[in-house]
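Colleague: I have a few minutes before group meeting. Can you put the model up and walk me through it?

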Amino acid sequence: MQLHWVHPELFATRQRDDTAARLEAIAQGHKDLIDVRVTARANDHHRHGGHEVRITCDARGKELVAARTRPDVGLALDEALDAFERQVWRMRNRRTDRRHAHEPAPPELGMIDEIRRPEGYGFLLTDAGLRVYFHRNAVGGGLDFDTLAEGDRVGLDFEAGEQGPQARFVAAPPLDRRGL
């Protein structure tokens with residue numbers, strides 16, 4: 001993580017050191033915070049007055065911005081750091097929630113009926129006898145499109161497509177429902 005100060009003369013040396021230590025603690029163990037800029041400027045707004053402190057961070061795929069305006073630059077810095085830390089925490093929680101989310105177990109069982117590997121799609125035949133289109137992007141749950149073979153058992157979840165049933169998700173069938 002790179003830390004840059006814009007108008008550092010508005011901060012006491014101890015405030016800059018404490019801020020750097022706090023930002024290092026926030027970044028510790030993670031590589032998502034790339035470039036952090038702390039900017040201070042005088043603000044003549046009639047209600048808030050004083051100084052505005054803005055923390056801008058380039059995080060992987062996202063920009064985080066926290067700003068506070070207070071009469072005292074130190075107070076504005078502390079409150080902006082608090083807001084920044086909450087944003088980082090929320091960003092990491094959302095990313096963690098998606099990463100640990102599991103695909104739902106497919107409610108239907110079937111087998112690979114036909115694969116058109118160069119085109120990236122194929123057809124499944126459900127146990128109920130319905131022919132279902134699937135695209136390589138629907139394959140997951142431990143399966144690899146490039147290693148599928150006709151006759152392989154799969155679990156699937158499908159919906160009505162423009163030209164007939166289309167798989168939303170194709171995965172290995174649950175162990176207790178393989179029906180071999």
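Modeller: What follows covers the overall layout, the cores, a helix and some aromatic rings.

Colleague: What should I know about the source first?

Modeller: This is a predicted model: local features need pLDDT of at least 70, side-chain atom pairs count only at pLDDT 80 or more, and totals for chains, interfaces and linings use all residues. Residues are numbered from 1 along each chain as its sequence is written, and side-chain values use heavy atoms, with hydrogens and water left out.

Colleague: How many helices and strands are in the protein chain?

Modeller: The protein chain has 2 helices and 9 strands. These are DSSP runs numbered from the N terminus: H or I for helices, at least four residues, and E for strands, at least two. From the N terminus on, the order is β-α-β-β-β-α-β-β-β-β-β.

Colleague: And what share of the residues is buried?

Modeller: 34% of the 180 residues in the protein chain. Buried means under 20% relative accessible area, exposed over 50%, and partly exposed in between, with a 1.4 Å probe and protein chains only.

Colleague: Which residues have the most contacts inside the largest nonpolar core?

Modeller: Leu33, Val38, Val53 and Phe84. That core has 23 residues. A nonpolar core is a set of buried Ala, Val, Leu, Ile, Met, Phe, Trp, Tyr and Cys residues joined through side-chain atoms within 4.5 Å.

Colleague: Which elements supply at least two residues each?

Modeller: Helix H1 (13–27), strands S2 (33–42), S3 (51–59) and S4 (62–70), and helix H2 (73–100). H2 gives the largest share, 9 residues.

Colleague: What is Phe84 in contact with?

Modeller: Leaving aside neighbours within four places in sequence, Phe84 is in contact with Leu23, Ile26, Leu33, Ile55, Cys57, Leu64 and Ala66. Contact means heavy atoms within 4.5 Å.

Colleague: What about the second core?

Modeller: The second core is separate and has 12 residues, among them Ile112, Val139, Leu156 and Val170.

Colleague: Back to H1. Which residues are buried there?

Modeller: Thr19, Leu23, Ile26 and Ala27 are buried in H1. They lie on the same side of H1, because they cover an arc of only 90° around the axis. That arc is taken from the directions from the helix axis to the C-beta atoms.

Colleague: What follows H1?

Modeller: Gly29, with a positive phi near 85°.

Colleague: Switching to rings. How many aromatic pairs?

Modeller: The count comes to 5. Rings of Phe, Tyr and Trp (its six-membered ring) pair if their centres lie within 6.5 Å; planes under 30 degrees apart count as stacked, over 60 as edge-to-face and the rest as tilted. Trp5 and Phe11 are edge-to-face, because their ring centres are 5.2 Å apart and their planes are at 65°.

Colleague: Are those two buried or exposed?

Modeller: Trp5 is partly exposed, at 23% relative accessibility. Phe11 is buried, at 4%.

Colleague: Which residues form an aromatic cluster?

Modeller: Tyr121, Phe123 and Tyr133 form one. Within it, Tyr121 and Phe123 are an edge-to-face pair, 6.0 Å centre to centre with 85° between the planes.

Colleague: Where does Arg131 lie?

Modeller: Over the face of Phe123, 4.1 Å from the ring centre. The rule needs NZ of Lys or CZ of Arg within 6 Å of the ring centre and within 35 degrees of the ring normal. Arg117 lies over the face of Phe145, at 5.9 Å from the ring centre.
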